[in-house]
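What follows is a walk through the charged contacts and the nonpolar surface of a predicted model. Please keep the sequence and the structure in view while reading.

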Amino acid sequence: MLDRIPVILAPETWPLWLGERSADPEQLKSLLKPYPADDMVIWPVDRRVGNVKNKDPALIEPAAATG
């Protein structure tokens, strides 16, 4: 279902999205677009990320890539 897809917003749009600046619905809808892949950074994470019982800060540290 498309109504539950997360959105990634550029930092300069945060005030608009969070209501710190006034915006009409069309302005807000215009922010709902794919985030540029070239602006993203990815890295492998530990398998422990998939378990909700794990909550320590090390979860976001890069893990050794396996392949």
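Lys29 has a relative accessible area of 52%, and because exposed means over 50%, this residue counts as exposed in the predicted model. Glu26 is likewise assigned to the exposed class, with a relative accessibility of 52%. The side chains of these two residues, Lys29 and Glu26, meet in a salt bridge in which N and O lie 3.8 Å apart. Both residues belong to helix α2, which covers residues 25-30, and they are separated by three residues, or about one turn of the helix.

Side chains of opposite charge can pair when their charged atoms come close. A search of the whole structure finds three salt bridges, and a network of such contacts links Asp46, Arg48 and Asp56. Arg48 is partly exposed, with 32% relative accessibility; Asp46 is partly exposed at 35%, and Asp56 is partly exposed at 30%.

Turning from charged to nonpolar side chains, one finds a surface patch formed by Val7, Trp14, Trp17, Leu18 and Leu32, which together have about 510 Å² of accessible area. One of these residues, Trp14, lies in helix α1, the helix of residues 14-17.

Conventions. Residues are numbered from 1 along each chain as its sequence is written. This is a predicted model: local features need pLDDT of at least 70, side-chain atom pairs count only at pLDDT 80 or more; totals for chains, interfaces and linings use all residues. Side-chain values use heavy atoms; hydrogens and water are left out. Patches are made of residues with over 30% relative accessible area and no salt bridge: like charges are joined within 9 Å, nonpolar side chains (Val, Leu, Ile, Met, Phe, Trp, Tyr) within 5 Å. Accessible areas come from the Shrake-Rupley method with a 1.4 Å probe; for residues, only the protein chains shown count as cover. A salt bridge is a side-chain nitrogen of Lys or Arg within 4 Å of a carboxyl oxygen of Asp or Glu. Helices (H or I, at least four residues) and strands (E, at least two) are DSSP runs, numbered from the N terminus. Buried means under 20% relative accessible area, exposed over 50%, partly exposed in between (1.4 Å probe, protein chains only).
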